[in-house]
Amino acid sequence: MAGIADSAEWDALSAHYESIAETDLRDLFAADPDRGSTFVAEAGDLYLDYSKHRLNRDTITLLAAVARRAGVESLRDAMFEGERINVTEDRSVLHVALRAPRGTELIVDGVDVVAEVHEVLDRMAAFANRVRHGEWTGHTGRTIEAIVNIGIGGSDLGPRMATTALAAFADRSMTYRFVSNVDGSDFLEATRDLDPATTLFIVASKTFTTLETMTNAHSARAWSLAGLGDESAVAKHFVAVSTNAEAVAAFGIDPANMFGFWDWVGGRYSFDSAIGLSLMLAIGPDHFDDMLAGFHLMDEHFRTAPVESNLPMLMGLIGVWYGNCFGAETLAVLPYSQYLAHLPAYLQQLDMESNGKSVTREGAPVGMSTGPIVWGQAGTNGQHAYYQLIHQGTKLIPTDFIGVARAAEPIGDHQDLLVANLLAQPEALAFGKTAAEVAAEGIAPEQAPHRVFAGNHPSSTILMPELTPSTLGQLIALYEHKVFTQGAIWNINSFDQWGVELGKQLAQRIVPELESAADPAHDSSTNALIRRYRELRAR
């Protein structure tokens, strides 16, 4: 199958790039006084301003033609219909079914998957209400005061991000912690001030064999029993998100308190499934339902809107424009909300695990650059860290700014100051400061070169009225479908992650070698490091 780079549509885009590549954002705005109100798009509660990008209407038309030629719409439709678009694992890709409204029918292999989803959601809600209302008690009869989620990757990043994002909607009488790193300090610090009698652990592992998760789970079990002294206590202080009932029962968890999910849910797309049990415990079932409705709203927009006004497709196409035409290698995601502090880390997995691929769906070399390196942190902190490089460095770094109009709990003029910074940074990146402007400020000539800002740095700005369960769902679905769009254009499988397996396999080989005195059997560097570790540990 010929790649998109071999198409007439791509040739047209490439020729257009040559004609516009040196065009400055100052010139684009000067030529179109209404640019700031026309290069925008809306869906649900999200407002996307993409006017500060180095493109024009022809660019969007040509990018849309590329999307259609690449079959983005047909692959999207296949996903929503439950076809097995995850070709290397022969699976459907149905995270959209996790937020389909009750009563929607989607039959896959003879099973109504939406009905199954709502059966699990109902069980989750019943359990969450028992815990939140004090009806579920620990082994000693005391109510639960702390929830600790033990998982890794998608079983940690999603619920951790969302629980922080929606802290304003959480039951503040409880404590919420997350343990993911196999480094024992992660577990120690998460539980240091907790009481085993009032702590509930959620062990999130589909197979109940994930090395890091189960190592932490067994440490949690030992910690609980050291405080409670009775094996039967495990059933009152541990629940599982898994599909391995036998292993769950062997651990001491009642399988009735096991919440399952499906092989058509990738981990990085799963916090709106049972993986989000910790989130539901925090914000309650009603708010969780509101979040699912927000997801579904964006799903429907992605499913039905034309390419040219489809927010996820526009963002995906703009990313292709910079990555494959301008040669940009990274994407900075800069949320101006402390509640969204974990969003960049979450999006790192969503994007880089999905589209960090070098072969096509058919197994041939992909022939063009694929997923960007995603990074960032909450504003305004980053302004005093790495913004210097974005403003005056030598790299082209497309940037997503994300802002919230209304604070959950207003304090003085904090929100206006925050939003002022949110709006100022894209303006400064786009338009900079010229040598003439610097001179007009009376700056000494020898200082002037250091005070000039070239500008012409591209960015998107996403605004929402407030950060709620619904708007969070809309935002995450926006990025999910943006990643899908890019993967479809590159003709890669965005839904497997074989790249994470090799390191796990080698780690399993190395573990016994760390305890052994025998010569390790690796390359000379790894062998030497194993020997040095043995020496350091023995001191």
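**View 1. Salt bridges of the predicted model.** The structure holds 27 salt bridges, a salt bridge being a side-chain nitrogen of Lys or Arg within 4 Å of a carboxyl oxygen of Asp or Glu. This is a predicted model, in which local features need pLDDT of at least 70 and side-chain atom pairs count only at pLDDT 80 or more, while totals for chains, interfaces and linings use all residues. Residues are numbered from 1 along each chain as its sequence is written, and side-chain values use heavy atoms, with hydrogens and water left out. One of the salt bridges joins E189 to R192, with 2.7 Å between the closest N and O atoms. R192 counts as exposed because its relative accessibility is 58%; here buried means under 20% relative accessible area, exposed over 50%, and partly exposed in between (1.4 Å probe, protein chains only).

**View 2. The salt bridge between R221 and E231.** The side chains of R221 and E231 meet at 2.7 Å, N to O. This pair links distant parts of the chain, ten residues apart: R221 belongs to helix α9, and E231 to the loop between α9 and α10 (234-237). Helices (H or I, at least four residues) and strands (E, at least two) are DSSP runs, numbered from the N terminus. R221 is buried, since its relative accessible area is 18%, whereas E231 counts as exposed at 51% relative accessibility.

View 3. In the salt bridge of K482 with D351, the closest N and O atoms are 3.0 Å apart. The two residues lie 131 residues apart, K482 in helix α20 (residues 469-490) and D351 in helix α15. Both K482 and D351 are buried.

**View 4. F401 and strand β12.** F401 is found in strand β12 and counts as buried because its relative accessibility is 0%. Its contacts (heavy atoms within 4.5 Å), not counting residues up to four places away in sequence, include L334, Y336, Y387, L422 and I462. The C-alpha atoms of F401 and P335 are separated by 5.8 Å, although the residues are 66 apart along the chain. Of the eight residues in β12, six are buried. Strand β10 (residues 330-336) runs parallel to β12 and is joined to it by five bridges; two strands pair if DSSP finds at least two bridges between them. In this pairing A332 stands opposite T399. Seven bridges join β12 to the parallel strand β13 (residues 459-466), where S460 stands opposite D400.

**View 5. The largest pocket.** About 1100 Å³ of space lies in the largest pocket. On a 1 Å grid over the protein atoms alone, a pocket is an open set of points where a 1.4 Å probe fits, with protein on both sides within 12 Å along at least five of seven lines, and lining residues have an atom within 4 Å of a point. Grid points are joined across faces, edges and corners, and a volume is the space filled by probe spheres set on the points. Of the 39 lining residues, T210, Q497, V500, E501 and K504 lie nearest the centre. Helix α21 supplies the largest share of the lining, five residues. The lining divides into 13 nonpolar, 17 polar and nine charged residues; Ala, Val, Leu, Ile, Met, Phe, Trp, Tyr, Cys and Pro count as nonpolar, Asp, Glu, Lys and Arg as charged, and the others, Gly among them, as polar.
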